[in-house]
Amino acid sequence: MYDYELDNEDKELKKVGLELMFMTPEKCSSEKGITAVELAKRVGLPLETVKKKLSILKDAGLVRVIGINPKYWKFDEYNFQRIDEDDDVYRLLCNFEDVDFDRYFQY
C-alpha cells in the first residue's frame with residue numbers, strides 16, 4: 001500500500017493532517033493554501049517533520065500541492081471522502097478521541 005510504516009499513534013501526522021483538514025481560507029496567507037513553514041509554526045513542529053508528514057499525506061492522496069517555490073498545501077476533501085475506510089491514514093485522522101476541537105473552531 002504505502003512505502004512507509006504508519007505507527008498507530010503517529011501524533012505528529014495526526015496533528016498536521018487535522019490542521020489541514022480544518023484549515024479555512026481565512027487562516028491561510030494565500031488562497032492557494034498554506035506553506036510548510038506556516039504549517040510548522042501553526043502546529044509547533046520542526047519544519048523537516050512537517051515536510052515528512054505532508055509527504056505521507058500526499059502519498060495517501062489526502063493533500064494537494066500547488067506551485068513549486070513556495071509550495072502551497074491544501075487538504076483534498078474529495079479524495080478524503082473516497083478513501084478506503086480501512087486505510088491507516090484515514091483511521092488515524094478519523095480517531096477523534098483525543099482531539100481538542102477548540103483549536104480548530106471558534107464558537
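**View A. Helix 2 meets helix 3 through Ala36, Val37, Leu39, Ala40 and Val43 on one side and Leu47, Val50, Lys51 and Leu54 on the other.** Contact here means heavy atoms within 4.5 Å. Helices (H or I, at least four residues) and strands (E, at least two) are DSSP runs, numbered from the N terminus. This is a predicted model, where local features need pLDDT of at least 70 and side-chain atom pairs count only at pLDDT 80 or more, while totals for chains, interfaces and linings use all residues. Residues are numbered from 1 along each chain as its sequence is written, and side-chain values use heavy atoms, with hydrogens and water left out.

The residues in this helix 2 to helix 3 contact split into 8 nonpolar, no polar and 1 charged. For that tally, Ala, Val, Leu, Ile, Met, Phe, Trp, Tyr, Cys and Pro are nonpolar, Asp, Glu, Lys and Arg are charged, and the others, Gly among them, are polar.

**View B. Helix 1 (residues 11–21) has 8 of its 11 residues buried, so it is largely enclosed by the rest of the structure.** Buried means under 20% relative accessible area, exposed over 50%, and partly exposed in between (1.4 Å probe, protein chains only). The buried residues are Leu13, Lys14, Val16, Gly17, Leu18, Glu19, Leu20 and Met21. Their cover includes helix 2 (36–43), helix 3 (47–59), strand 1 (63–66), strand 2 (72–75), helix 4 (77–82) and helix 5 (88–93).

**View C. In the largest nonpolar core, with 31 residues, Val16, Leu20, Leu57 and Leu62 touch the most other members.** Helix 1 gives the most to this core, with 5 residues. A nonpolar core is a set of buried Ala, Val, Leu, Ile, Met, Phe, Trp, Tyr and Cys residues joined through side-chain atoms within 4.5 Å. Zoom in on Leu20 and, leaving aside neighbours within four places in sequence, you'll find it in contact with Ile34, Leu39, Leu54, Leu57, Val63, Trp73 and Phe75.

**View D. Lys14 sits in helix 1 and is buried, with a relative accessible area of 9%.** Setting aside neighbours within four places in sequence, Lys14 is in contact with Leu92, Leu93, Asn95, Asp98 and Val99.

**View E. Phe22 lies in the loop between helix 1 and helix 2.** Phe22 is buried too, with a relative accessible area of 17%. Not counting residues up to four places away in sequence, Phe22 touches Lys27, Phe101, Tyr104 and Phe105. Phe22 and Phe101 are 79 residues apart along the chain, and their C-alpha atoms are separated by 9.4 Å.
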